[in-house]
Amino acid sequence: MGDGDVVLRRVRTDFGDYEEDVIAEILARLPVKSLMRFRCVCKSWRALISESYFVKKHLSYGERGITESAHRLIFMLDPPLVLDYEALKSMKDDDYGDGAGAQFAVTQLDFPVTKSIADSGYRVGVGSCNGLVCVQVDFEAIMLWNPCTRDSKVLPKPPRVINSKFSYDFNGFGYDSASDDYKVIRGFTDYLAMKIMIHIFSLKTGSWRTVEDIDYVTLIMRQGLFLNGALHWLCNLPEGGSRILSFDLEAEKFQKTIPLPYDDWFFDHLIHKNCLCVLACPTRTNTFNIWMMKEYGVKESWTEVLQFSLETYAEHFDDYREYFRPVCILENGVVLIDEMGDGQHLMVLSNLKEKKFKHVVEVAKNWEFTTVIYRETLVSPDVHTYKTNNVS
């Protein structure tokens, strides 16, 4: 019997028997999937679960660990695939085998269909925040999508770039807590003038604005990662080495760069346990190291948390290739690696404790795709349906 069944037995659907705030407190502690079912119990519960203050309470409880808030990894394919972390955690070594036993951990998602935009299957993950996934569809259209509630919203078309010297280089999606607003960033670079132009979309106002004449930086990754009210990109410095560049969503401007563990080149970045992480491959070695900044903005807090060898991978697979990209780190220390080479993309599960590499599933061939990590929430992509209530 699940949590939802217990609630149905303990709480009547008539608000006359229990105060609304008591019922809200009980329901706010349940996972999203249970709440989606409970919307059908009665009109009162459906209205409550859709209220702004309840959605924010449920979101807050998930952030604090009071409510179960499952995380998922989406592969932006056609159709999108989603990886269930909990399913991986419950698997034993014997379940992996040649990868067939792990197929149940990866399932297909129904991508929203809308007549307002063309959809040829080309999709790029721009980012994720509070359960909303921002997706670029067919180069120009941008959609906000909650895969758990299946709600979606197509954003107004971004401004046209008249100057052909600008090329589309980077993007990002995050939340500005000061204005209670979700924002989309699209960045363009003029390599001749060495300048950057940014388009910023505000979900609250439903409009785009442009910021121009920004000094040029070389960004390594296109997708910005949201953390602490800012978007983050790994960038190369003109004088050599790498740094993390942050864009403050409240001030809508770039901040000073965040130092890395040591002066060298870094190749990728990710977020784990609400901390920035970077990938390093020391010169003349076949080892990848993942460093975590345990205290935001403090260089001395960088700590090496994981290390794995490409030679170990070569021992396990005949079709050894030389490029890996860690996608995420699981709570049990398992690393998911998005492996690319010869036009193929494989997802590999690395058991670091036993120094084993296991295929989980082959997700695509001859196709460029992005990945986005999201967590299950009730947050709606239509901010205009919300009221401005506070959450205690």
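**Close-up views of a predicted model**

The protein chain has eight helices and 25 strands. The model shown is predicted.

**View 1. Overview of the protein chain.** Of its 392 residues, 52% count as buried. The chain exposes about 19200 Å². Consider contacts between residues at least 6 apart in sequence: 50% of them join residues at least 24 apart.

**View 2. The buried residues of helix 2.** Helix 2 covers residues 20-27. Its buried residues are Ile 23, Ala 24 and Leu 27. Seen down the helix axis, these buried residues fall within an arc of 100°, so they line one face of helix 2. An α-helix has 3.6 residues a turn, so residues three or four places apart point the same way.

**View 3. Helix 2 against helix 5.** Helix 5 spans residues 52-63. The axes of helix 2 and helix 5 come within 10 Å. They cross at roughly 40°, which makes helix 2 oblique to helix 5. The crossing is right-handed. From helix 2, the contact is made by Glu 20, Ala 24, Glu 25 and Leu 27. Helix 5 contributes Tyr 53, Phe 54, Lys 57, His 58 and Tyr 61.

**View 4. Helix 2 against helix 4.** Helix 4 spans residues 43-50. Helix 2 and helix 4 pack at an angle of about 65°, and their axes are 11 Å apart. That angle makes helix 2 roughly perpendicular to helix 4. Helix 2 passes helix 4 in a right-handed crossing. On the helix 2 side, the residues are Glu 20, Ile 23, Ala 24 and Leu 27. They meet Trp 45, Leu 48 and Ile 49 of helix 4.

**View 5. The cis peptide bond at Pro 79.** Asp 78 and Pro 79 are joined by a cis peptide bond. Its omega is about 0°. Pro 79 sits in the loop between strand 1 and strand 2. Strand 1 covers residues 71-75, and strand 2 covers residues 81-84.

**View 6. Asn 130, a loop residue with positive phi.** Asn 130 lies in the loop between strand 4 (123-129) and strand 5 (132-137). Its phi is positive, about 55°, although Asn 130 is not a glycine. The relative accessibility of Asn 130 is 13%, so the residue counts as buried. The cut-off for buried is under 20%.

**View 7. Asn 171 and its contacts.** Asn 171 is in strand 8, residues 166-176. Its relative accessibility is 0%, so Asn 171 counts as buried. Set aside its neighbours within four places in sequence. Asn 171 is then in contact with Val 126, Gln 136, Ile 185, Arg 186, Arg 222, Gln 223, Gly 224 and Trp 233.

**View 8. Met 194 in a loop between strands.** Met 194 is found between strand 9 (181-190) and strand 10 (195-202). At 40% relative accessibility, Met 194 counts as partly exposed. Met 194 and Asp 215 are 21 residues apart along the chain. Their C-alpha atoms are separated by 6.8 Å. Leaving aside neighbours within four places in sequence, Met 194 is in contact with Ile 214, Asp 215 and Tyr 216.

**View 9. Lys 273, an exposed loop residue.** Lys 273 is in the loop between strand 17 and strand 18. Strand 17 covers residues 268-272, and strand 18 covers residues 275-280. At 54% relative accessibility, Lys 273 counts as exposed. The cut-off for exposed is over 50%. Phi of Lys 273 is near 55°, a positive value in a residue other than glycine. The C-alpha atoms of Lys 273 and Lys 294 are separated by 9.1 Å. Along the chain, Lys 273 and Lys 294 are 21 residues apart.

Note on methods
Residues are numbered from 1 along each chain as its sequence is written. This is a predicted model: local features need pLDDT of at least 70, side-chain atom pairs count only at pLDDT 80 or more; totals for chains, interfaces and linings use all residues. Side-chain values use heavy atoms; hydrogens and water are left out. Buried means under 20% relative accessible area, exposed over 50%, partly exposed in between (1.4 Å probe, protein chains only). Helices (H or I, at least four residues) and strands (E, at least two) are DSSP runs, numbered from the N terminus. The arc is that of the directions from the helix axis to the C-beta atoms. Contact means heavy atoms within 4.5 Å. Accessible areas come from the Shrake-Rupley method with a 1.4 Å probe; for residues, only the protein chains shown count as cover. Axes are lines fitted to C-alpha atoms, for helices over the stretch in contact, and angles run from 0 to 180 degrees between N-to-C directions. Angles under 35 degrees count as roughly parallel, over 145 as roughly antiparallel, 65 to 115 as roughly perpendicular and the rest as oblique. A crossing is left-handed if the near helix is turned anticlockwise from the far one by less than a right angle, and right-handed if clockwise.
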